[in-house]
Each structure stands twice: as structure tokens, then as C-alpha cells.
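Reader: I have a chain open and want a quick tour. Can we start with the contacts and go from there?

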Amino acid sequence: EWFEALILGLIQGLTEYLPVSSSGHLAIGSALFGIEGEENLAFTIVVHVATVFSTLVILWKEIDWIFRGLFKFEMNSDVINILISMIPIGIVGVFFKDEVEAIFGSGLLIVGCMLLLTAALLSFSYYAKPRQKENISMKDAFIIGLAQACAVLPGLSRSGSTIATGLLLGDNKAKLAQFSFLMVIPPILGEALLDGMKMIKGEAIAGDIPTLSLIVGFIAAFVSGCLACKWMINIVKKGKLIYFAIYCAIVGVVTIVVSQLQ
């Protein structure tokens, strides 16, 4: 229904950038509505693409500079770091996609456990005080990419994992926030393309979703994604991630308890 699409779209847009796990919250929201993820693949693709568009809008200056370098065949450090960060998630997507999708069907217990892990990562990065670096190195980009690859698990926040990892490495907070959001664009678009091809070939269920619901979900995810992306950059600069750690811990415990009561 359109109101379910509105709520799930808002959840996706907000939680894609806030360090609380969009996949985990979508799993929780879908469970509350009694929605099967496989039958709503089209909706998942739509809301994920919407969040990519929100990144393009908020970080357009940085993205424009990167693309100018690509078209001029000038491999600046930002382009190289993003390409390096894509290696781990690319390996996971190509060789372990089926195993990861099987984990997504494990129910709310795995989501709750991964939310607790997210809380631990955010807490550790908040209290750790490593020496600050001015720029993100290629080595750091690869390590942050490993964190993103691990965050394919539902409930383990992608932005939380990548930002926490970068903070522990001592990377510049402002540059780290932008890098974390830019590096997610290729994997999300690639995943959407692969899932779209599956639906075209009939290998996956598109779901009988009304067009209105898809439109509402897209708009909700785009608008909330723009707000969350801009908000999160400011939050990372101020280093106030401990509040999200507390939130993830509470939601994680509640999710685990509910999963055991079902």
C-alpha cells in the first residue's frame, strides 16, 4: 500500500546515511507490515536508487569534480581511493552473493545481533583518539572498503562501519564523511542493475506493487535521503556518534527479544 511505501521509503532514506543500518531497519519495517522482501524486489531497487540520487544532489560539487577527472583521464586521489574501496565489495558481490542473500533470510535475530555490533563499533570509534591525518590514503581506502563489504550483513550499518573504521584510522572527519557517502554509489547502482536484469530475465520476483506505491517510496526515500546525507556530514564533523550507538544498542536488544518471542 502507498502508506507502507511512504514509511519504508522514509526509513530507507534516513537510515542509508545515519549509522543505524538501512537494511536492518527495512527488515524490521517489512516484518511489522508482513511484507516478504523477495516479492518486493522492485520496491527495494527503487528506494535504493532514490538514495543514490540524494547523494548526487547533496555532494554534486565533489561528484562533478571526480567525473571531470575521469573524462579527462586524470586519476586524482579521490577517484583512485573510491576505485580501491570498491574491490572488497566487488569480490563479495561476485563470489558470495548467494551466501549473503541467504543470511538476509535469517530473520530478525541476525539483524538484532548486527545492530549490537554496530553500536560497539560506533562506541569504540567515539572513545578512541588516534592521531589525525589530513588525507585518506590508499591503504585506508582499502580497509574502509573491507568495512563496507562486511556491512552487507543486515543490521550492520554501512555508513556506521565505514565512518567508524575511518575514525579509528585517524582520517579527517569532513573528508571521511564525504568519502563514505561517495563510495556507496557504485555498489548500490551495480546491485540495482543486477537485480533489474534478474527481473527482466524472470529469475527474480518483481512483485505486484502499484505504481503509486513505487512513486511514493521513491520520493520519500529521496527527500529523507537528502536531509539525512546533509545532516550526517555535520554530525561526523562534530563527532557525535555515541547517540547512534545508544540507539542501535536499544533497537538491537528489542529486536533480539522480539525475534525470540515469535
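Author: Among contacts (heavy atoms within 4.5 Å) between residues at least 6 apart in sequence, 84% join residues at least 24 apart. This is a predicted model, so local features need pLDDT of at least 70, side-chain atom pairs count only at pLDDT 80 or more, and totals for chains, interfaces and linings use all residues. Residues are numbered from 1 along each chain as its sequence is written, and side-chain values use heavy atoms, with hydrogens and water left out.

Reader: How many helices and strands are there in the chain?

Author: The chain has 13 helices and 0 strands. Those are DSSP runs, numbered from the N terminus: helices are H or I with at least four residues, strands are E with at least two.

Reader: What share of the residues is buried?

Author: Of the 262 residues, 47% are buried. Buried means under 20% relative accessible area, exposed means over 50%, and partly exposed is in between, with a 1.4 Å probe and protein chains only.

Reader: And the accessible surface of the chain?

Author: About 13,200 Å², with 70% of that belonging to carbon and sulfur atoms. Areas come from the Shrake-Rupley method with a 1.4 Å probe; for residues, only the protein chains shown count as cover.

Reader: Which residues of the largest nonpolar core touch the most other members?

Author: Ile163, Phe179, Phe181, Met232, Leu241 and Phe244, out of 40 residues in that core. A nonpolar core here is a set of buried Ala, Val, Leu, Ile, Met, Phe, Trp, Tyr and Cys residues joined through side-chain atoms within 4.5 Å.

Reader: Which elements give two or more residues to it?

Author: Helix 5 (77-95), helix 7 (108-127), helix 8 (138-150), helix 9 (158-169), helix 10 (173-182), helix 11 (185-201), helix 12 (211-238) and helix 13 (242-261). Helix 12 gives the most, with 6 residues. Another core of 9 residues lies apart from this one, and its members include Ala5, Leu26, Ala50 and Ile209.

Reader: Back to Met232. Where is its place, and what does it touch?

Author: Met232 is in helix 12. Met232 counts as buried, at 0% relative accessibility. Leaving out residues up to four places away in sequence, Met232 touches Tyr17, Leu18, Pro19, Ile163, Phe181 and Leu241. Met232 and Tyr17 are 215 residues apart in sequence, yet 6.6 Å apart in space, C-alpha to C-alpha.

Reader: Cys226 is found in which helix?

Author: Helix 12. Cys226 counts as buried at 13% relative accessibility. Beyond its neighbours within four places in sequence, Cys226 is in contact with Ser54, Val57 and Ile58.

Reader: New topic. How many salt bridges does the count come to?

Author: There are 2 salt bridges. The rule asks for a side-chain nitrogen of Lys or Arg within 4 Å of a carboxyl oxygen of Asp or Glu. In one, the side chains of Glu16 and Arg158 meet at 3.5 Å, N to O. Glu16 lies in helix 1 (residues 2-17) and Arg158 in helix 9, so the pair ties together parts that are 142 residues apart in sequence.

Reader: Are Glu16 and Arg158 buried or exposed?

Author: Both are buried. Arg158 has a relative accessible area of 11%. Not counting residues up to four places away, Arg158 touches Glu16, Gln148, Ala151, Ser180, Phe181, Met183 and Val184.

Reader: What forms a salt bridge with Lys133?

Author: Asp140, with the closest N and O atoms 2.8 Å apart. Asp140 counts as buried at 2% relative accessibility. Lys133 is partly exposed, at 34%.

Reader: Which residues form the nonpolar patch on the surface?

Author: Trp2, Phe3, Leu6, Ile7, Leu10, Leu14 and Leu212, with about 600 Å² of accessible area together. Patches take residues with over 30% relative accessible area and no salt bridge; like charges are joined within 9 Å, and nonpolar side chains (Val, Leu, Ile, Met, Phe, Trp, Tyr) within 5 Å. Helix 1 supplies the largest share of the patch, 6 residues. Phe3 is in helix 1 and is partly exposed, at 39%.

Reader: Last one. What do the buried residues of helix 13 pack against?

Author: Helix 2 (22-33), helix 7 and helix 12. Those buried residues are Ile242, Phe244, Ala245, Cys248, Val251, Gly252, Thr255 and Ser259.
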